[in-house]
Amino acid sequence: MIKGSLVAIVTPMTDAGAVDYAALGRLIEMHIDAGTNGLVVAGTTGESATLTKPEHVAVIEAAVRFAAGRIPVIAGTGSNSTAQTIELSKTVDQLGVAGYLVVTPYYNKPPQQGLVRHFRAVADAVTKPVMLYNVPGRTGVDMLPETVAELAQHPRIAAIKEATGDVARVAVLRKLCGPGFGLYSGDDATAREFILQGGQGVVSVTANVAPQAMAAMCAAALAGDATLAARLDAPLERLHRDLFVESNPIPVKWALQRMGLIAGGIRLPLIELSPAGQIVVGQALQCAELLAA
């Protein structure tokens, strides 16, 4: 089981909107050097919704190639179509990924048993572990702990990225799913407490810009050192909040561009960070000592 800071890595793009594979390689090297524990590729932060299928596969394949076995790669393959999710997951199944991040189907708002059947169908079709992804603020459906527990009985459904921000769910999920099921925060602002309560780590947006600090904070929390974890988390608190001042990944891509790590490309219907947002995110970067005042 991967523990610690897993970055929900952006998909770098040129100013014209093409995927910038060279920049992706540089980001992955940065994360390896910084001690990031895992890469989650082509998720929400990676703009999966606007990647074509060939691009989606190519981004995952490139990430595995750049990682070269030095850091595990989890492929985001979820969609609101069970058939399409299975097709994409099977396409990348042999690329060397460590597993899949599969979001609850969005927009069509399935009932809980629809979620059970969806995720079981995906897990039945692949050979690697599946990480469930519950983010009701994006999808319009909340996968309840009892549903997660039912899915945890499947041999290839191994973990959940829980992005409700409700830390109380850690104890509930642990009780229902048992000690071998992975619990990962999908909310940077509450990730420290999530881990201290028994989670294995975080799938982090903040780690895009502060990989070393997030890895260190997670390590402290995993060791049960609440005081050190809080001290390490304090400079990051504004990032946890302000990287969501506009829709993710608008702020984090601007931050990476401002840090000189990627170009400014982002795809419609998302647009560049507003001037007001730039002030907010710039101040958060300064607070974390990632940008000079």
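This is a predicted model: local features need pLDDT of at least 70, side-chain atom pairs count only at pLDDT 80 or more; totals for chains, interfaces and linings use all residues.
M1 still has partners, though. Leaving out residues up to four places away in sequence, M1 touches G180, F181, G182, Y184 and Q200. And where is M1 relative to N248? These two are 247 residues apart along the chain, and their C-alpha atoms are separated by 27 Å.

Now let's turn to a residue inside a helix. H31 is found in helix α1, which covers residues 21-34. Here the accessibility is 1%, and the cut-off for buried is under 20%, so H31 counts as buried. What does H31 touch? If we again skip residues up to four places away in sequence, the list is V7, I9, T36, L39, A207, N208 and P211. Have a look at T36 on your screens: the side chain of H31 makes a polar contact with the side chain of T36, at 3.0 Å.

As for handedness, α1 passes α2 in a right-handed crossing. Which residues make the contact? From α1 we have Y21, L24, G25, I28, E29 and I32, and from α2 we have E55, A58, V59, A62, A63, F66 and A67. Sorted by class, that contact has 10 nonpolar residues, one polar and two charged.

My last stop is another helix pair. Helix α3 runs over residues 82-91 and helix α4 over residues 112-125; their axes come within 9 Å and cross at roughly 25 degrees. Why do we call this pair roughly parallel? Angles under 35 degrees count as roughly parallel, and therefore α3 and α4 are roughly parallel to each other. This crossing, with α3 passing α4, is right-handed. On the α3 side the contact is made by T82, T85, I86, S89 and K90, and on the α4 side by H118, A121, V122 and A125. By class, the contact of α3 with α4 has four nonpolar, four polar and one charged residues.

Technical notes:
Residues are numbered from 1 along each chain as its sequence is written. Side-chain values use heavy atoms; hydrogens and water are left out. Axes are lines fitted to C-alpha atoms, for helices over the stretch in contact, and angles run from 0 to 180 degrees between N-to-C directions. Helices (H or I, at least four residues) and strands (E, at least two) are DSSP runs, numbered from the N terminus. Angles under 35 degrees count as roughly parallel, over 145 as roughly antiparallel, 65 to 115 as roughly perpendicular and the rest as oblique. A crossing is left-handed if the near helix is turned anticlockwise from the far one by less than a right angle, and right-handed if clockwise. Contact means heavy atoms within 4.5 Å. Ala, Val, Leu, Ile, Met, Phe, Trp, Tyr, Cys and Pro count as nonpolar, Asp, Glu, Lys and Arg as charged, and the others, Gly among them, as polar. Buried means under 20% relative accessible area, exposed over 50%, partly exposed in between (1.4 Å probe, protein chains only). A polar contact is a pair of N or O atoms within 3.5 Å; within protein, one must be able to donate a hydrogen and the other to accept it, and residues adjacent in sequence count only if both atoms are side-chain atoms.
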